[in-house]
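Dear colleague,

I am passing a structure on to you, and my notes on it follow below. Please look through it before reading on.

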Amino acid sequence: MTSPETPTCSAKGCRDAAVWVLAWNNPKLHAPERRKTWLACAEHREHLSQFLGVRGFLKDVVRLDEWVQPEGSERERP
Ligand SMILES: [Zn+2]
């Protein structure tokens, strides 16, 4: 069950509740300390991590309930 307040997975077409936060940074576009975040359900964590990982963007994968949004970072859907 999800509600409008429940963060959902960033994977395309997925409406599952997010469990993981993927923090990433594109060094060509962002200052090194800046973090963009995607959210992932248990099923899509691997897929989204790989997508970012092969590009060298992935910095951190943290459980949503342990995630503290760094100042200046943004949440974004792919
Ligand atoms: Zn998902």
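Strand E1 pairs with strand E2 (residues 36–40) in the antiparallel sense over five bridges, where strands (E, at least two residues) and helices (H or I, at least four) are DSSP runs numbered from the N terminus, and two strands pair if DSSP finds at least two bridges between them. Within this pairing, Leu 22 has Trp 38 of E2 as its bridge partner. E1 also pairs with strand E3 (residues 58–63), again antiparallel and over five bridges, and here Trp 20 stands opposite Arg 63.

This is a predicted model, in which local features need pLDDT of at least 70 and side-chain atom pairs count only at pLDDT 80 or more, while totals for chains, interfaces and linings use all residues. Residues are numbered from 1 along each chain as its sequence is written.

Strand E1 (residues 20–24) is largely enclosed by the rest of the structure, because five of its five residues are buried, that is, have 20 or more other C-beta atoms, placed from the backbone, within 10 Å of their own. Trp 20, Leu 22 and Trp 24 are buried on one side, and Val 21 and Ala 23 on the other, so that both faces are covered. In a regular strand the side chains alternate between the two faces of the sheet. Of the 78 residues of the chain, 26% count as buried.

The elements run β-β-α-β-β from the N terminus. As for pLDDT, the predictor's confidence in each residue from 0 to 100, the chain averages 89, and strand E4 (residues 74–75) has the lowest mean among the elements, 66, whereas helix H1 (residues 45–54) has the highest, 98.

With best regards

Terms used:
A residue is buried if 20 or more other C-beta atoms lie within 10 Å of its own, exposed if 12 or fewer, and partly exposed in between; C-beta atoms are placed from the backbone.
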